[in-house]
Amino acid sequence: MAHSQTVENYLKTIFQAQMALENAGTLVPMGHLATALGDVPGTATTMVKAVADSGLAHYEPYVGVRLTAAGEKLAALVLRRHRLIELFLVNVMGMSWTEVHDEAENLEHAVSDRLIDRIDEMLGRPAVDPHGDPIPDPEGTVPMPEYDSLLTCPLGAPVTISRVSDQDRAFLQFAERHDLRPGDVVRVEERSVAGDSVQLRGRNERRVTIGARAASKVLVHAVRMIVIFLLASRAVLAQTPAPAPEARAAPFKIADNSFLIEEAFNQEAGVFQNIFGAMRIQGTWAAALTQEWPVVSQAHQFSYTLAFLDNGDHGGVGDVQLNYRYQAMMEGPGRPAFSPRLSLILPSGNSGKGLGDGSVGLQVNLPLSKQRGDWYWHGNAGMTWLLRAEATFQRGDLAVIRRDNLTSPFLAGSGIYRLRPMFHLMMESVISFEQSLTEVGTGRDTTFTLSPGFRGGWNVGDKQVIVGFALPTSWSDTTDTGAFFYFSYELPFGK
């Protein structure tokens with residue numbers, strides 16, 4: 001049965017007030033409810049009686065009101081619509097997180113559950129809205145993670161902003177000015193009882209002082225400082241993951257910027273990315289320029305990769321790749337992002353000079369990505385097929401050209417730790433089984449590469465600049481260590 005906008009507003013407001021009460025079963029005072037809704041007490045009482053008569057609430061005159069199980073479910077579904085609309089307006093429509101609350105207040109009563117489910121799917125089944133508030137599931141269940149606030153968290157320890165509980169636009173603008181958005185990392189240095197204030201260290205060691213009332217509205221989790229290899233080994237051995245980290249984790253502010261590993265995220269609609277990477281190892285250079293474009297929506301992405309090589313004897317353009325990637329699955333609770341890629345390899349490099357394979361080829365890669373708190377885990381599995389690859393061998397004064405089909409599978413994985421919102425530590429690993437031409441047939445080399453590194457960046461308006469550096473070491477017949485440099489520039493188009 002459909003309910004009026006006024007009834008839905010009452011249900012949602014009572015439900016949110018219930019969740020804020022310390023004792024389960026306590027009634028929401030009528031004065032509190034009337035103030036929250038901006039109604040006079042008489043109007044609030046009349047509405048609550050009507051809600052109670054419909055079986056959605058229990059009302060005690062002069063005491064207060066509490067929703068029944070049916071009322072709680074309906075209220076949670078209204079809240080679900082509200083928070084998904086907010087996230088849609090920020091992520092897809094490009095609106096500021098400070099202005100979407102009022103828009104969602106109007107739209108939450110007009111959209112159907114079918115449309116909300118489609119929005120939920122398109123956004124990747126998100127756990128929280130732009131303010132860090134948990135999003136109820138389609139059954140009306142609301143995750144209830146426990147938080148500290150800036151008033152109760154440990155002094156001197158870095159904490160990640162997880163949620164801003166006040167939706168007032170002026171307060172959200174205040175939080176934005178003071179680097180108190182979800183995902184930001186701060187340290188509380190001092191609390192003054194006499195001054196009713198809290199002193200913080202935020203981004204770039206910026207010192208900020210805010211009032212105690214404002215600090216109580218900023219909810220946080222402690223930043224976990226764990227060695228990469230220790231956590232990785234525990235993750236491999238653990239049979240049951242720790243509960244609820246997904247519901248607590250703020251989205252990463254840097255994504256799809258790995259070096260050797262492909263992350264499973266297509267470009268958002270209206271945004272394209274320019275990526276430049278270069279590696280120097282044993283006196284040789286290899287560089288690549290990639291440009292990624294969404295095709296209509298985030299589901300489809302086209303990109304091309306231009307390679308530039310210097311093998312010590314010759315330098316020039318390498319083989320070109322034309323890439324299509326499909327966002328088959330967005331990340332959600334208990335589910336990784338998945339975006340298979342298919343690439344066409346064009347023989348633009350000079351194979352006689354060792355700058356290409358002299359063959360049309362295909363490459364497929366199956367990337368998976370999953371966030372766990374302040375960590376992102378990525379896995380790749382793929383294969384490269386070269387159709388009639390070419391190589392030249394010298395037999396005395398005679399140059400012999402050989403051609404054959406080559407198949408080279410590879411596996412890769414990485415862990416990325418968010419040390420700060422815009423600074424990440426990285427550990428990437430790749431094992432490849434490369435087939436190559438020999439004078440009498442083909443051979444296969446197994447190479448394992450381990451690459452520690454970091455990436456960091458800046459948001460400049462609606463643009464993002466990312467730089468990174470790594471020290472990859474490869475083990476095959478020999479051990480070689482090189483240096484990898486990364487640069488990315490992401491910006492909107494069509495505006």
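## About the model

This is a predicted model, in which local features need pLDDT of at least 70, side-chain atom pairs count only at pLDDT 80 or more, and totals for chains, interfaces and linings use all residues. Residues are numbered from 1 along each chain as its sequence is written, and side-chain values use heavy atoms, with hydrogens and water left out.

Strands here are DSSP runs of E with at least two residues, numbered from the N terminus. Two strands pair if DSSP finds at least two bridges between them. Strand β5 spans residues 185-192, and strand β6 spans residues 197-201. They run antiparallel, joined by five bridges. Arg191 has Val198 of β6 as its bridge partner. Four residues sit between the strands of this hairpin. There, Asp196 takes a positive phi near 50 degrees.

β6 also pairs with strand β7, residues 207-211. The sense is antiparallel, over five bridges. Ser197 stands opposite Gly211 in β7. The hairpin of β6 and β7 has five residues between its strands. In this hairpin, Asn204 has a positive phi near 55 degrees.

## A nonpolar surface patch

A nonpolar patch covers about 900 Å² of surface. Two elements give two or more residues to the patch: β15 (341-346) and β18 (375-395). β15 gives the most, with three residues.

Patch residues have over 30% relative accessible area and no salt bridge; nonpolar side chains (Val, Leu, Ile, Met, Phe, Trp, Tyr) are joined within 5 Å, like charges within 9 Å. A salt bridge is a side-chain nitrogen of Lys or Arg within 4 Å of a carboxyl oxygen of Asp or Glu. Areas come from the Shrake-Rupley method with a 1.4 Å probe, and for residues only the protein chains shown count as cover.

Val295 lies in strand β10, residues 284-295. Val295 counts as partly exposed because its relative accessible area is 38% (buried is under 20%, exposed over 50%, partly exposed in between).

Ser303 lies in strand β11, residues 297-310. Ser303 is buried, at 6% relative accessible area. Beyond its neighbours within four places in sequence, Ser303 has contacts (heavy atoms within 4.5 Å) that include Thr290, Glu292, Leu322 and Asn323.

Arg455 belongs to strand β21, residues 442-460. Arg455 is buried too, with 1% relative accessibility. Its side chain reaches the backbone oxygen of Ile254 at 3.3 Å. A polar contact of 2.9 Å also joins the side chains of Arg455 and Glu263. Such a contact is a pair of N or O atoms within 3.5 Å; within protein, one must be able to donate a hydrogen and the other to accept it, and residues adjacent in sequence count only if both atoms are side-chain atoms.

Definitions and conventions:
Buried < 20%, exposed > 50% of the residue type's maximum accessible area, 1.4 Å probe, protein only.
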